[in-house]
Structure formats: structure tokens, C-alpha cells
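Work through the exercises below with the structure in view. Each task is followed by a solution in steps.

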Amino acid sequence: MHNNSNPTHDILYRPGRTEDWPQVAPIVEQTWGGEDYITETLWQHWAEERTGRLVVAERDGQVIGLAKITRLGPAEWWLEGLRVAPEHRRQGIAHGLTAHLIEWFEKYGDGMLRLALFSENEASKKLAYAFGMRHTASYRKMVAPAKAGDYRNFRLLQPQNIDMIDRYLRRSPMYRVNRFVELDWTLYYLTSDRLASYLQSDYVQVLGWRQFGELHGLAIVFLKSLDARLSYDKNSLQIGAVYAPDDTTLQAMLHALRGLAAYRGHEVAAWKMPVGVGLERVTQYAGFEPEWDDDAALWLFERPLRL
């Protein structure tokens, strides 16, 4: 255990268990206006998982905080679910939970540890920096009303197309500046293995944009969440990533995705657009607008394993 990292020495950090849910539920009910993505089903999955670590903070037999580290893939780990009961905040508990999981990662993990947080959350940003994490990318949620339109340039790609997709991505300027696919605030590094799994999945579609008889663009869309978490885009066509060779093609693809959203009965198309790489104007030309106020964004932080 990592109790010594916390100035409140009466805190016990221990693995989370399925039977903790009755004490965890009131904490998540007070997070994000009662719309926390942590559901009872997700909690059960987290508690039974063997490749990551679920930890709770306990005081006098009562769970007052929680956090999770998840293995997304080889050498790819994700820190999430950091929650502290409101009446126990500002007591170093979030720091202690984070310290516990980073110590666990350094002992059992490999590769890169990442997390995402809202840019307006100053306390979480300060905590990430305190543990040596670097802010490496930002994403802004862009939404557009579904609108009937021609989407027929898109083709559903199949597992046998993987070599063609790999060749396209290797020369894609958009892939060079953003190698992540986003779903439900989690950013997945797009490796060849992950791409292969997407091509075989019932929950993900890899759509190729055909132009002049060739693959000229790529979009990854999700049909549902990959686990039992509450999705915040359940009425949306969830666009995980878009790769286009130029502004004209990107604008055409985004219009077509709005058409696909309408065809499938969604209210909107939603995309976490990479910020600071020149996509803002063309995305707005395609009818997408920021959902969040001002310059608010999803910030990606990274911390490599330190040997």
C-alpha cells in the first residue's frame, strides 16, 4: 500500500471490490451532475478485471474515493475514474489515489501511461503535472446536426483491406499529427493491431472515402461504447477519427458523415477534433460547431514508464 504519500494517515488504499458498489454509487451520483460514466455494470467489470488496477480510498470502513488504471493494449495504459466524495476533497486523497496507481504502474506496467481531462479542471491539471505528466495534445468536441446528404463515397472496409489502410495512414499528414482514436473520453493509440481489431469488430466501423477509384480518406465511427460505461454521445454518430489529405476532402467527408448520421437516425454527428493543427476553419465550414464554451478542450497527458 502507498499510505505514506498522503498527509492524512488514516486512509487505507486497497483494491476495489464488486461489493463496494453501494458505497461507490453515492460518490459517482455527485459527479458531473449525476451523469458520471461509471455505472454499476462498469464497476463490476473493473473489479473483476485482472490486467489493470482498481483502487479505493477507505476511511473508518467507508469508501471515500476511487481510481482506475486500465491496460488498453501492449505498452498502453490509461488512468481514469479518479473520484473523491465531495466532503472529503482537498485532503490529499486524490493525490494518494494517483500515487498508489502510478507506483503500481511502475512495478507492473510497461510503455506509456496516459490520461485525459477537461482543460477547465485546474485541480486535475495541477495533479497531473505534479506526477510528471506532460500535456501532449488537445481535442475540442465539435458537433453538427444530422443532415440528409450523399454519403456513398464511403465504403465499409474489411479485414482484407488492412494493408491498403496501413499504406494510406503512413503517408497521411493528419495521421502524423494525430494518431489517436477517441471514444467516451478515452484516447486509443491507432496501431496496426488496433486497426485490425476494429476491422473485425461489431462495434466499430472503418470507413474508406473512395475518390478517383482509390482510398482517399478514412473515418472511424463507433456503433456503441466498448464497455459498460455511460456514453455521453448516445444520440450521436460517434466519430472516433478522421483522416483526409486536404481541406476540400475533409470538408466533403464531414458533410457525408452528417448525411450518414441522418440516415442512421442520429440527431447529430460528434467528433473530438485535434486542436492546433489547422482543422478549425474547414470543420466549421462543414457545419460543425464547438459544443464546449470558449477554448475548453479535452487535454491528453502522457508519462512514460521510468526505469
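**Exercise 1.** In this predicted model, find how the residues lining the second largest pocket divide by class.

Solution. Sorted by class, the lining holds seven nonpolar, six polar and eight charged residues. The pocket itself has a volume of about 450 Å³. It is lined by 21 residues, and those closest to its centre are Arg71, Leu72, Gly73, Tyr188 and Arg194.

**Exercise 2.** Determine which salt bridge Arg194 forms, and which parts of the chain the pair ties together.

Solution. Step one: the partner of Arg194 is Glu76, with the closest N and O atoms 2.8 Å apart. A salt bridge requires these atoms to be within 4 Å, so the pair qualifies. Step two: Arg194 belongs to helix 7 and Glu76 to strand 4, so the contact ties together parts 118 residues apart in sequence. Step three: both Arg194 and Glu76 are buried. Helix 7 and strand 4 also each supply at least two residues to the lining of the second largest pocket.

**Exercise 3.** Decide whether Arg152 and Asp150, which meet in a salt bridge, are buried, partly exposed or exposed.

Solution. Step one: the distance from N to O in this bridge is 2.9 Å. Step two: exposed means over 50% relative accessible area, and buried means under 20%. Step three: Arg152 has 59% and is therefore exposed, while Asp150 has 47% and is therefore partly exposed.

**Exercise 4.** Name the element that supplies the largest share of the lining of the largest pocket.

Solution. The element is strand 4, with seven residues. The volume of this pocket is about 1500 Å³.

Terms used. Residues numbered from 1 in each chain as written. Predicted model: local features only at pLDDT ≥ 70, side-chain atom pairs only at ≥ 80, totals over all residues. Heavy atoms only, no water. 1 Å grid on protein atoms, 1.4 Å probe; cavity = no way out; pocket = protein on both sides within 12 Å on 5 of 7 lines; lining within 4 Å. Points joined across faces, edges and corners; volume = space filled by probe spheres on them. Helix = DSSP H or I, 4+ residues; strand = E, 2+ residues; numbered from the N terminus. Nonpolar A, V, L, I, M, F, W, Y, C, P; charged D, E, K, R; others polar. Salt bridge = Lys/Arg side-chain N within 4 Å of Asp/Glu carboxyl O. Buried < 20%, exposed > 50% of the residue type's maximum accessible area, 1.4 Å probe, protein only.
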